[in-house]
Amino acid sequence: MASDSRNPGSEWAKGEESFFEPVKGSLASIVVLSLVGAASGVVPFIAIVELARTLLPALDGQPIDAGRVWGIVIIAVVALFVNVGTAFGAGAVGHFADARLQLSLRRRIVRHLQRLPLGWFDQRSSGTVRKLVESDVTALHQLVAHTIQEVLTAVAVPVISLVYLFVVQWQMALAALVPLIVTVLLYPVLMRGSAEKYRQYDEATSALAGATVEFVQGIAVVKRFGQLGRSHRRYRDETKRYVRFVGEWTAETAVAFTIIEIVTSPVVVLVWLLAAGLWLVNAGAAAPIDVLPGLLLGLGLTGPLMKLGASGQFLRNATNARKALSAFFALPPVPQTDAPRAPQGHDVALDAVSFGYDAEHPVLHEIGAACAPGTVTALVGASGSGKSTLAKLVPRFYDADAGRVAIGGADVREITGDGLYREVGFVFQDVQLLRASLRDNIRLTRPDASDDEVEAAARAAQIHARILRFPRGYDSVVGEDANLSGGEAQRVTIARALLADAPVLVLDEATAFADPDSEAAIQQALSTLAADRTVLVIAHRLHTITGADQILVLDDGRIVERGTHAELVAAGGGRFARMWADYQANHARSLPEGAAS
Ligand SMILES: Nc1ncnc2c1ncn2[C@@H]1O[C@H](COP(=O)(O)OP(=O)(O)OP(=O)(O)O)[C@@H](O)[C@H]1O
Ligand SMILES: [Mg+2]
């Protein structure tokens with residue numbers, strides 16, 4: 001990160017043309033090899049014609065020019081080898097180039113991911129990232145490794161053949177052009193409105209995929225609440241829509257498609273060329289031998305062109321992938337400071353902070369607060385009042401639109417990325433564990449931590465005993481042989497934060513998961529975690545924060561009250577006093593003893 005900070009955005013500012021920069025040389029070689037390959041593919045046919053020309057006089061008893069015959073045979077054989085060799089060469093160069101391109105793109109994706117604001121990941125499923133790294137990069141693979149060569153061959157073979165035909169017998173060349181022209185004229189009919197059609201096709205496909213996933217994933221909920229009919233109906237409707245769309249599209253293009261198929265089929269082309277040749281010979285316009293090139297080469301004109309249809313689909317995918325990747329690389333990274341500052345101390349200051357996820361919907365309005373080192377600040381407020389949003393500004397998931405968030409006097413925007421993560425630990429509502437061993441999950445931020453340290457952190461987070469109950473203990477892999485409840489997962493992230501030992505802690509309680517036992521365990525873990533740190537905690541259960549040094553009451557993105565629990569309750573009639581009264585009424589029976597003092 002440090003070296004990047006001097007040169008922010010150099011990566012993403014580069015245009016998409018730089019995609020192929022690392023493989024430019026290889027692409028040029030593929031072009032040359034494909035063209036040489038196409039030419040060498042035509043040569044054996046020309047050789048057959050020339051051979052016939054040389055051998056025919058023998059029928060009339062004239063001597064044969066043996067040297068010329070051998071010369072032609074050798075040229076034909078060499079051309080065959082060149083043809084095979086260039087095809088192999090282009091394929092090999094293409095695949096090596098493709099491997100390099102994929103590596104460079106994937107590295108670039110990872111580098112760019114590292115620089116995006118953490119908030120970006122909040123709003124996106126891992127599916128988005130996976131699509132970039134897998135599907136989109138693979139679409140480019142098809143382009144580099146196969147499509148360039150296919151397209152060049154499909155165009156070069158007919159062009160070279162036609163040039164030769166026009167040189168030897170222009171009338172036959174014209175006849176050979178006819179199937180090609182019919183194809184070229186009908187193709188636009190086939191493709192009419194195809195951009196729009198393809199868009200609709202993609203839309204129908206993803207709608208169907210969405211409905212299928214929804215149907216399958218939601219099946220438990222749906223069954224439970226008797227909504228099977230509704231979800232199933234959407235799946236059925238999407239399937240019908242898809243089938244209808246594909247049916248209509250096929251019907252619209254069927255006639256043009258069939259005509260092209262017929263006109264370009266080898267039998268029809270051969271009959272057509274034979275007829276044309278016979279007519280030319282009868283009319284005295286051509287010698288029989290001059291008809292031969294037209295027959296041989298004319299047959300091979302439309303085949304490669306038809307292959308372009310399939311290549312077109314790959315080109316479309318590659319273009320879409322390129323757009324998706326460009327859009328991704330164009331996402332502005334977190335601005336890095338030119339003059340990094342280290343925090344002096346561990347107090348957190350919020351200074352007239354305003355923020356919105358988008359310009360139209362401000363979420364936080366001029367929030368001001370100071371959290372002294374070693375104190376606990378609790379954020380309370382209704383759901384949607386902006387608590388989690390405010391908490392996420394401290395580890396810089398997002399940057400404030402106005403005002404500043406400072407730690408130890410340094411604006412979080414002036415602290416280096418690494419410095420900030422050393423300074424701020426966080427446990428958020430949406431706990432995410434990696435598909436790795438529990439041990440590695442806990443020491444994620446401190447990979448060098450010893451097993452003893454990991455265990456000590458897990459003990460303090462009240463999760464050690466639970467981990468030992470898994471068959472492989474700390475080596476159990478999350479999602480494989482370690483399945484954790486929401487509360488347990490959160491305690492694992494608490495252990496992680498404990499081990500990371502950052503002086504500032506931001507905690508967003510996930511009490512939604514908690515049963516009384518696990519809530520008590522989480523509370524105990526949190527109080528261990530809070531000792532001697534600057535803590536910003538979002539509390540949903542008010543009795544857990546009666547001892548907080550200050551409580552900030554948020555309403556619609558504004559701080560409407562602040563003070564200690566005792567002060568706020570004593571103030572009477574205020575929002576917190578009301579919340580507390582409600583809370584006590586609702587939770588009186590489930591409160592731990594002594595908490596409701
Ligand atoms: N990633 C996001 N993109 C756009 N808007 C968001 C995003 N996250 C939250 N919001 C909006 O910002 C507002 C504040 O949300 P926030 O999650 O901060 O509330 P909260 O106080 O933490 O609520 P809760 O108690 O339910 O966790 C809400 O109106 C919410 O819809
Ligand atoms: Mg929240």
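## Sheet and helix packing in a predicted model

Four strands form an open sheet in the order β2-β1-β4-β5, with antiparallel pairing. Two strands pair if DSSP finds at least two bridges between them. At the edges lie β2 (361-371) and β5 (410-411), each pairing on one side only. Strand β1 (residues 348-358) joins β2 in the antiparallel sense over seven bridges. Val353 has Ile367 in β2 as its bridge partner.

This is a predicted model: local features need pLDDT of at least 70, side-chain atom pairs count only at pLDDT 80 or more, and totals for chains, interfaces and linings use all residues. Residues are numbered from 1 along each chain as its sequence is written, and side-chain values use heavy atoms, with hydrogens and water left out.

The protein has 22 helices and ten strands. These are DSSP runs (helices H or I, at least four residues; strands E, at least two), numbered from the N terminus. Of its 597 residues, 42% count as buried, meaning under 20% relative accessible area with a 1.4 Å probe, protein chains only.

One helix pair packs at an angle of about 160 degrees, with axes 10 Å apart. Axes are lines fitted to C-alpha atoms over the stretch in contact, and angles run from 0 to 180 degrees between N-to-C directions. The angle makes α3 roughly antiparallel to α12 (over 145 degrees). Contact means heavy atoms within 4.5 Å.

| Helix | Residues | Contact residues |
|---|---|---|
| α3 | 24-55 | Val42, Phe45, Ile46, Ile48, Val49, Ala52, Arg53 |
| α12 | 288-298 | Ile289, Asp290, Leu292, Pro293, Leu296, Leu297 |

Key: Chains lettered and ligands numbered in written order. Parallel < 35°, antiparallel > 145°, perpendicular 65-115°, else oblique. Buried < 20%, exposed > 50% of the residue type's maximum accessible area, 1.4 Å probe, protein only.
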